[in-house]
Amino acid sequence: MQMDSGLGMTRREFLRASAAFAALPGLGALAGTGGARRRRWWKGNLHAHTFWSDGKAFPEEAIEWYRSRGWNFLGLSDHNVFQDDPDRWVGVIGDDEKDAKPEWAASRPHRYCYNVRRRYFDEYAKAFPSAVTRVAADGRIEARLSTFGELSARFNEPGRFLLVPDVEATRSVEYADGRYHQLHMNYVNVPELLPSFAAQGFRRTLKDKPLPEFLAEHARETAELARKHGCKPLFILNHPVWTWYDVGPEVLIDVPEVRFFEVCNGGSPYAPADGLPADGLDTDRFWDVVNAFRARRGQPLVYGVGTDDTHNYRGEKVNMCIPGNAWSLVRAESLDADSLMDAMERGDFVACEGLDVEDVVFDRSAGRLEVAVGPGNAPRTVRFIVSKRDFAETPVGRMTVRPARHSDVMRYQRDIRIYDAKIGVAAKTVEIPAGEAARVSYELADDDLYVRARVEEKGATVSTAHLHPKGLRCAWTQPYRAS
Ligand SMILES: [Zn+2]
Ligand SMILES: [Zn+2]
């Protein structure tokens, strides 16, 4: 992680202390506000799990991990549940005891975790003596899971830390011809479970409706629910290119109302060990294919979010789903959910995997993207990536992949379309030596549809099970178009 701001303080101190930094004319220019208002970067993770679903931590522990390390906002995006039930208990079982679903759970099909191992409970009860427990009729200890409201009241601190409502809507989709997909979508800042999940329960398998239709339905349902609550939602397509979570870019091209996807999902046991084939769809390629089509059609561009998708908080499985690998830096006036959502909606944020940037400015009238990086310990590379106006929409090739792992759920071959090389072109590459700060820029050419930048630094990342370039820390700006 690049923590040195070059000013003799950590990046966090730098971000907190520097009013001058906050007043920089950043993407406010993009938003047409001239950047006059004071904005600063807030660091957060919008994808994490707890015992409310399949994460291996009580929510207090998950929050404390991030809060104590300087993250400013966090979404606990448990699968198909919003943490609002004050009567949700988990049984404490022995470390070697069989993890059986209790009888009462039968009537609650969308619930995920029923029992917690003794060693996890002991750690929790020690760190949080306020833990609420009871003894069940069979003598077993049960622990209550704190609700979103209780957690917010306990941990939120103005200008320092904010818990935002978050749910990972999780669908399994199986088709008559044997194709199987997982469609995972995070919706943020809407404090309720989508009615279709409440009605249909968890792990319902839906058949024979095209994936774009499923995706659009969930986006619409989220928008309706947000309207009911009077809040501003964010709807994110998660980890689309995991091996068996096969959501091709074509799906997202066809659903322009979806504006966000995870360009960086911090870890997954489902990511293939060797990555995707060289010409295949890594997340950068996926992103450019979607945005080339979107830009040509005059539709909103997709923005990329960086998240951890945390499941394991204790370092016991270092290669999967662990905290601190990826985050988003969001530039907003204040640390409240609506301001953060507004900022992300206008593209004023950066997705990061182990690497931050100091500043991003897009001058819309000039079509110039500028990225500032601080002095790092290693050389950095800034790539300005564009797609060309005259790209061909017809795929130039096809590739069939049959991933070796997870063959039990991988019941079909995956067909990948290969697109024109005029999509996702590195139009300019700048090398920045170690120890030097730099501000570099690229001006859109007439035949560029948009520009985005990726900053890279050689070095290890916290998690290794992901679909990003191996051995590289990265920061991704959003794609921008000239006015
Ligand atoms: Zn997921
Ligand atoms: Zn997840």
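Analyst: In this predicted model, the buried residues of helix α4 pack against β1 (40–45), β2 (73–75), α5 (118–127), α6 (148–155) and β8 (162–164). The helix itself runs over residues 59–67 and is mostly covered, with eight of its nine residues buried. Those buried residues are Pro59, Glu60, Glu61, Ala62, Ile63, Trp65, Tyr66 and Arg67.

One of them, tryptophan 65, is buried along with tryptophan 71. Their ring centres are 5.6 Å apart and the planes stand at 65 degrees; the pair is therefore edge-to-face. The whole structure holds 18 aromatic pairs. Another of these joins phenylalanine 384 and tyrosine 442: with centres 5.9 Å apart and planes at 20 degrees, it counts as stacked. This pair links distant parts of the chain, since phenylalanine 384 is in strand β19 (residues 380–388) and tyrosine 442 is in strand β23 (residues 438–443), 58 residues apart. Both phenylalanine 384 and tyrosine 442 are buried. Ring pairs also connect Phe51, Phe58, Tyr120, Tyr124 and Phe128 into a cluster.

Rings take part in contacts with charges as well. Lysine 43 has its charged end over the ring of tryptophan 327, 3.9 Å from the centre. Arginine 296 lies over the face of phenylalanine 391, with 3.9 Å to the ring centre.

The side chain of glutamate 142 makes a polar contact of 2.7 Å with that of arginine 134.

Terms used
Residues are numbered from 1 along each chain as its sequence is written. Chains are lettered from A and ligands numbered from 1 in the order in which they are written. This is a predicted model: local features need pLDDT of at least 70, side-chain atom pairs count only at pLDDT 80 or more; totals for chains, interfaces and linings use all residues. Side-chain values use heavy atoms; hydrogens and water are left out. Buried means under 20% relative accessible area, exposed over 50%, partly exposed in between (1.4 Å probe, protein chains only). Helices (H or I, at least four residues) and strands (E, at least two) are DSSP runs, numbered from the N terminus. Contact means heavy atoms within 4.5 Å. A polar contact is a pair of N or O atoms within 3.5 Å; within protein, one must be able to donate a hydrogen and the other to accept it, and residues adjacent in sequence count only if both atoms are side-chain atoms. Rings of Phe, Tyr and Trp (its six-membered ring) pair if their centres lie within 6.5 Å; planes under 30 degrees apart count as stacked, over 60 as edge-to-face and the rest as tilted. A charge sits over a ring if NZ of Lys or CZ of Arg is within 6 Å of the ring centre and within 35 degrees of the ring normal.
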